[in-house]
Amino acid sequence: MEHKFDFLVLGGGSAGYAAARTVHEHGGTVALVDGAEELGGLCILRGCMPSKTLIYSAEVLHLAKKGKVFGFEGEMPRANLAAMQARKKEVIREFAEYRKGQLEDGRFSLFRSKASFVNENSVILADGKQLTAQKILISTGSEVRVPGLPGLADVSYKTSDEVLNLDEIPVECVVLGGGVVACELAQFLSRVGSKVTLLQRSPRLLKEFPQAASDALQAAMIEEGIQLELGVDFKNFEQLDKEQIKVSYQHMGQEKQIVTTFLFLALGRVPSTKSLDLENADVELLASGHIKTNHFQQTTSPQIYAAGDCAGPHEIVHVAIRQGETVALHALGKKVKPMNYDCLLSVVFTDPQLAVVGLTPAQMKERGIEFSTASYSFDDHGKSILMEAKHGYVAVHAETKTGRVLGAECVGKDAGELIHSLSVAVGLEATIHDLLKADWYHPTLSEIWTYPIEDLAEEIPLLD
Ligand SMILES: Cc1cc2nc3c(=O)[nH]c(=O)nc-3n(C[C@H](O)[C@H](O)[C@H](O)COP(=O)(O)OP(=O)(O)OC[C@H]3O[C@@H](n4cnc5c(N)ncnc54)[C@H](O)[C@@H]3O)c2cc1C
């Protein structure tokens with residue numbers, strides 16, 4: 001039997017739910033297909049929310065261990081990972097139940113199955129049911145990347161899914177990778193008591209972020225006892241016995257080996273598209289494996305859209321949601337702005353946290369924009385000094401001619417919160433002079449922004 005809808009969503013995570021909700025709000029009939037055993041999507045079940053719950057526990061523990069500095073005495077607290085997990089499960093259960101309720105509340109026809117394309121307007125489900133729609137969104141997310149390194153596929157590595165569900169602290173672990181997930185969870189593992197060695201191919205951690213941000217994080221990680229080996233060339237992976245894995249690599253011209261019982265593979269994710277039979281719908285992929293889209297998220301088959309991790313280019317939740325909403329409005333023929341990443345906000349939940357918004361200096365140079373930058377360090381700021389949170393800095397980039405704020409960087413305690421005042425400025429196209437009209441309370445961490453803003457205001461005259 002064939003079922004017909006205005007809009008069909010494949011995958012009910014952040015992107016798919018945002019699109020389905022928006023189409024429904026405008027009166028379209030929506031079918032949503034999700035093949036997961038548990039509804040909720042990556043962010044709620046295995047991504048942002050579980051990781052940030054555990055990372056926050058580890059941060060509290062880290063502060064408690066520094067108690068002496070703040071004037072406490074007594075026994076050194078230790079992590080009880082099972083108790084941390086119990087708290088995380090409770091938190092996540094609530095989020096997942098809420099999302100499940102949203103998917104099942106009758107606004108959409110929900111099908112619990114994998115789907116694959118029959119043609120440009122139809123998909124087939126596992127039970128043979130065929131769904132047809134005028135417009136289809138692919139929002140099937142991503143999966144862990146297992147690069148074709150010699151022997152890697154044959155060893156018993158762990159992924160972020162397993163790390164986020166650990167009940168026991170591994171005595172030691174080797175982390176492969178230096179991206180966001182690798183850095184966040186390496187620091188988590190170290191803070192709960194594991195002896196962590198991180199092996200990274202690039203010469204620095206978080207290579208997409210500014211060099212100064214990588215430097216600040218690397219210094220903090222080394223200070224906490226994480227062993228960093230950067231610029232390594234992986235040679236071979238071998239399962240020695242049931243428990244032990246040998247990693248052979250080259251580092252600074254030397255052949256090295258490390259044996260571990262806990263190998264955490266964190267070398268990125270790839271779009272989840274294999275099961276979709278995209279060739280039946282003429283949907284093309286980019287070399288990265290992402291689905292090729294235009295700025296309205298239309299694929300090479302214009303009535304089919306893609307959003308979220310399977311489309312890229314930035315695999316983060318607010319981008320997935322905005323892409324989903326853009327798809328919905330475009331598919332309904334409503335006026336909608338194309339996707340644009342000039343105001344992109346990115347946060348890494350390490351300690352210090354890293355947060356950047358807007359254009360980077362490299363992007364501005366590439367576009368021939370003349371800009372001025374001013375920065376200020378947290379080790380010279382009242383509130384961060386009294387909080388013992390001295391790692392990191394803030395920097396503001398403004399167009400030299402107009403004073404318009406084009407980008408900002410923040411590395412430090414709660415940078416992911418602090419960046420939002422500058423994110424508003426970038427989004428609203430405010431100038432540094434506009435920012436000085438606002439009050440900045442003393443003593444706060446946020447107040448640190450006034451130093452670079454005032455420096456730039458002195459350099460860039462107020463336009464009439
Ligand atoms: C450890 C970790 C931490 C993260 N932390 C953050 C963070 O702090 N902040 C942030 O912004 N981002 C974070 N992310 C990234 C973020 O989770 C993702 O960008 C986001 O969840 C992607 O949403 P999505 O809608 O594209 O995909 P998903 O939420 O993965 O949804 C895809 C859905 O499609 C379904 N599906 C797949 N194939 C099919 C098929 N053939 N048929 C039917 N259904 C199918 C799946 O079951 C799934 O429910 C993190 C990721 C990880 C792994």
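Author: One note before we start: this is a predicted model. Let's begin with a salt bridge. The side chains of Arg191 and Glu224 form one, with N and O 2.6 Å apart.

Reader: Where do Arg191 and Glu224 sit in the chain?
Author: Arg191 is in helix H7, residues 180-192. Glu224 is in the loop between helix H8 (211-223) and strand E10 (227-230). The two are 33 residues apart, so the pair links distant parts of the chain.

Reader: Is Arg191 buried or exposed?
Author: Arg191 is buried, because its relative accessible area of 8% falls under 20%.

Reader: And what about Glu224, how accessible is that?
Author: Glu224 is at 23% relative accessibility and counts as partly exposed.

Reader: OK, how many salt bridges are there?
Author: The count comes to 21. One of them joins Lys274 and Glu143, with the closest N and O atoms 3.0 Å apart.

Reader: Which parts of the chain does that pair link?
Author: Distant ones, 131 residues apart. Lys274 is in the loop between strand E15 (269-271) and strand E16 (304-306). Glu143 is in strand E7, residues 142-144. Lys274 counts as exposed at 69% relative accessibility, while Glu143 is partly exposed at 27%.

Reader: What does Lys437 pair with?
Author: Lys437 has a salt bridge with Asp434, the closest N and O atoms being 2.9 Å apart. Lys437 is exposed, at 66%. Asp434 is partly exposed, at 31%.

Reader: Which residues are joined into one network by shared partners?
Author: Arg21, Glu25 and Glu325, through their salt bridges.

Reader: New topic. Which residues gather in the patch of negative charge?
Author: Glu454, Asp455, Glu458 and Glu459, on the surface. Glu458 is in helix H14, residues 450-459. Glu458 has a relative accessible area of 73%, which makes it exposed.

Reader: Which residues make the nonpolar surface patch?
Author: Leu63, Val69, Phe70 and Phe72 make it, and the patch covers about 370 Å². Phe72 is in the loop between helix H4 (67-70) and helix H5 (81-104). At 55% relative accessibility, Phe72 counts as exposed.

Reader: Last one: what is Thr197 in contact with?
Author: Leaving aside neighbours within four places in sequence, Thr197 touches Cys173, Val174, Val175, Gln227 and Ile258. Thr197 lies in strand E9, residues 195-200. Thr197 is buried, with a relative accessible area of 6%.

How values were computed:
Residues numbered from 1 in each chain as written. Predicted model: local features only at pLDDT ≥ 70, side-chain atom pairs only at ≥ 80, totals over all residues. Heavy atoms only, no water. Patch = residues over 30% accessible without salt bridge, like charges linked within 9 Å, V, L, I, M, F, W, Y side chains within 5 Å. Areas by Shrake-Rupley, 256 points an atom, 1.4 Å probe, with all protein chains shown as cover. Salt bridge = Lys/Arg side-chain N within 4 Å of Asp/Glu carboxyl O. Lys, Arg positive; Asp, Glu negative; His and termini not counted. Charge placed at Lys NZ, Arg CZ, Asp CG, Glu CD. Helix = DSSP H or I, 4+ residues; strand = E, 2+ residues; numbered from the N terminus. Buried < 20%, exposed > 50% of the residue type's maximum accessible area, 1.4 Å probe, protein only. Contact = heavy atoms within 4.5 Å.
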